[in-house]
Amino acid sequence: METQQPRVMKEDSKTKEEAGAAVDEELAKAIMARCFHPSIMGPEAWEGYVFSDLEIRIKESTDLYGAVLWPSAMVLCHFLETNRDKHNLTDKNVIELGAGTGLVSIVSSLLGAKVTSTDLPDVLGNLQYNVMRNTRDRCKYIPLVTELIWGPEVEQRFPRATHCFDYILAADVVYSHPYLEELMDTFDYLCQENTQILWAMRFRLDPENSFVDRFRQRFHVDELYDLPSLSIKLYRAWRKDKRTRDQGQAAA
Ligand SMILES: C[S@@+](CC[C@H](N)C(=O)[O-])C[C@H]1O[C@@H](n2cnc3c(N)ncnc32)[C@H](O)[C@@H]1O
């Protein structure tokens with residue numbers, strides 16, 4: 001026999017759902033409003049963004065994944081700019097994985113961080129161009145743009161003895177590519193005891209989404225934003241100590 005939910009409970013959960021949808025709609029609108037297009041087309045195509053009261057111009061190129069700006073990057077930048085009280089990037093060591101066209105690295109630099117912006121070799125030219133053009137004479141620290149292919153090379157490029165990051169930033173790095181394990185290991189290697197990961201995840205297909213479940217086995221995870229209208233969630237994560245992780249694996 002079907003049990004009937006009490007009416008008050010049903011109405012309660014409906015009100016919560018409606019409130020969640022309203023937050024999503026308002027936040028997604030505010031995030032998307034950061035983007036503008038040039039009113040006159042010049043010789044070079046670019047898209048404009050406003051963060052930290054500054055205009056940022058991003059040059060895209062359509063032939064590579066990393067040469068297009070993805071909405072997750074805007075979500076992460078919006079969070080960083082509007083949560084400076086909780087996550088003050090001034091003087092912090094920050095690394096971005098899969099930086100693409102560079103918006104997250106640029107905004108983090110404008111917010112005062114010492115930024116290392118990384119991606120595949122093919123993407124670096126455009127990334128370097130965007131980062132330099134938008135940070136020159138505007139930032140406390142000159143950002144470093146450098147190659148990082150996820151996987152074992154991270155240990156040579158960023159030895160723990162000399163590199164310690166306060167934040168690892170990543171936007172839309174999980175999708176149907178064959179390097180998801182390497183990406184997981186890269187997060188794991190770079191994330192030291194006091195490091196925080198801020199990661200904006202665009203949900204597409206189930207196999208990639210299972211990455212989040214595996215990620216939760218290695219890290220403590222807080223959900224900061226849930227934006228169903230954009231299919232994006234923003235997570236904050238930090239290391240589980242080894243003992244907790246071993247216990248979790250034994251129980252799984
Ligand atoms: C969907 S794009 C996102 C770009 C940017 N973060 C954004 O949100 O606009 C994914 C990025 O991951 C980078 N990437 C993919 N596979 C990689 C790998 N094995 N090692 C390092 N970077 C990789 C791509 O070059 C690309 O810049």
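The legends below describe close-up views of a predicted model.

**Figure 1. The chain as a whole, with 8 helices and 10 strands.** The chain has 252 residues, and 33% of them count as buried. Among contacts in the chain with a separation of 6 or more, 67% join residues 24 or more positions apart.

**Figure 2. Helix α2 beside helix α3.** Helix α2 spans residues 71-82 and helix α3 spans residues 103-110. Their axes come within 9 Å and cross at roughly 10°. Angles under 35 degrees count as roughly parallel, and α2 and α3 are therefore roughly parallel to each other. On the α2 side, the residues that meet α3 are A73, L76, C77, L80 and E81. Their partners in α3 are L103, V104, V107 and S108. Sorted by class, this contact of α2 with α3 has 7 nonpolar residues, 1 polar residue and 1 charged residue.

**Figure 3. The burial of helix α3.** Of the 8 residues of α3, 8 are buried, so α3 is largely enclosed by the rest of the structure. The buried residues are L103, V104, S105, I106, V107, S108, S109 and L110. After α3 comes G112, which has a positive phi, near 100°.

**Figure 4. E81 in helix α2.** E81 has 18 other C-beta atoms within 10 Å and is partly exposed. Leaving aside neighbours within four places in sequence, the residues in contact with E81 are F51, S52, V107 and L111. One of these contacts, L111, is 30 residues from E81 along the chain, and the C-alpha atoms of E81 and L111 are separated by 7.6 Å.

**Figure 5. The largest nonpolar core, with 56 residues.** The residues with the most contacts inside this core are L76, L103 and I168. Helix α2 gives the most to the core, with 6 residues. For I168, the contacts beyond its neighbours within four places in sequence are I95, L97, F187, L190, C191, T195 and I197.

**Figure 6. Helix α6 and the elements packed against its buried residues.** Helix α6 covers residues 180-190, and its buried residues are T186, F187 and L190. These residues cover an arc of only 100° around the axis, which puts them on the same side of α6. An α-helix has 3.6 residues a turn, so residues three or four places apart point the same way.

**Figure 7. S117 in strand β5.** Strand β5 consists of residues 114-119. S117 is buried, with 29 other C-beta atoms within 10 Å; a residue counts as buried if 20 or more lie within that distance. Apart from neighbours within four places in sequence, S117 is in contact with E96, A99, G102, S105, L127, V131, P143, L144 and V145. G102 and S117 are 15 residues apart along the chain, and their C-alpha atoms are separated by 7.5 Å.

**Figure 8. D91 and D137, residues other than glycine with a positive phi.** Most residues other than glycine have a negative phi. D91 has a phi of about 65°, and D137 has a phi near 60°. D91 is found in the loop between α2 and β4. With 11 C-beta neighbours inside 10 Å, D91 counts as exposed. D137 is found in the loop between α4 (124-135) and β6 (144-147). D137 is exposed too, with 4 other C-beta atoms within 10 Å.

**Figure 9. D241 in the loop between β10 and α8.** Strand β10 covers residues 232-239 and helix α8 covers residues 242-251. D241 has 9 other C-beta atoms within 10 Å and is exposed. From C-alpha to C-alpha, D241 and F219 are 8.6 Å apart in space, while they are 22 residues apart in sequence.

Definitions and conventions
Residues are numbered from 1 along each chain as its sequence is written. This is a predicted model: local features need pLDDT of at least 70, side-chain atom pairs count only at pLDDT 80 or more; totals for chains, interfaces and linings use all residues. Axes are lines fitted to C-alpha atoms, for helices over the stretch in contact, and angles run from 0 to 180 degrees between N-to-C directions. Helices (H or I, at least four residues) and strands (E, at least two) are DSSP runs, numbered from the N terminus. Angles under 35 degrees count as roughly parallel, over 145 as roughly antiparallel, 65 to 115 as roughly perpendicular and the rest as oblique. Two residues are in contact if their C-beta atoms, placed from the backbone, lie within 7 Å. Ala, Val, Leu, Ile, Met, Phe, Trp, Tyr, Cys and Pro count as nonpolar, Asp, Glu, Lys and Arg as charged, and the others, Gly among them, as polar. A residue is buried if 20 or more other C-beta atoms lie within 10 Å of its own, exposed if 12 or fewer, and partly exposed in between; C-beta atoms are placed from the backbone. A nonpolar core is a set of buried Ala, Val, Leu, Ile, Met, Phe, Trp, Tyr and Cys residues joined through C-beta atoms within 7 Å. The arc is that of the directions from the helix axis to the C-beta atoms.
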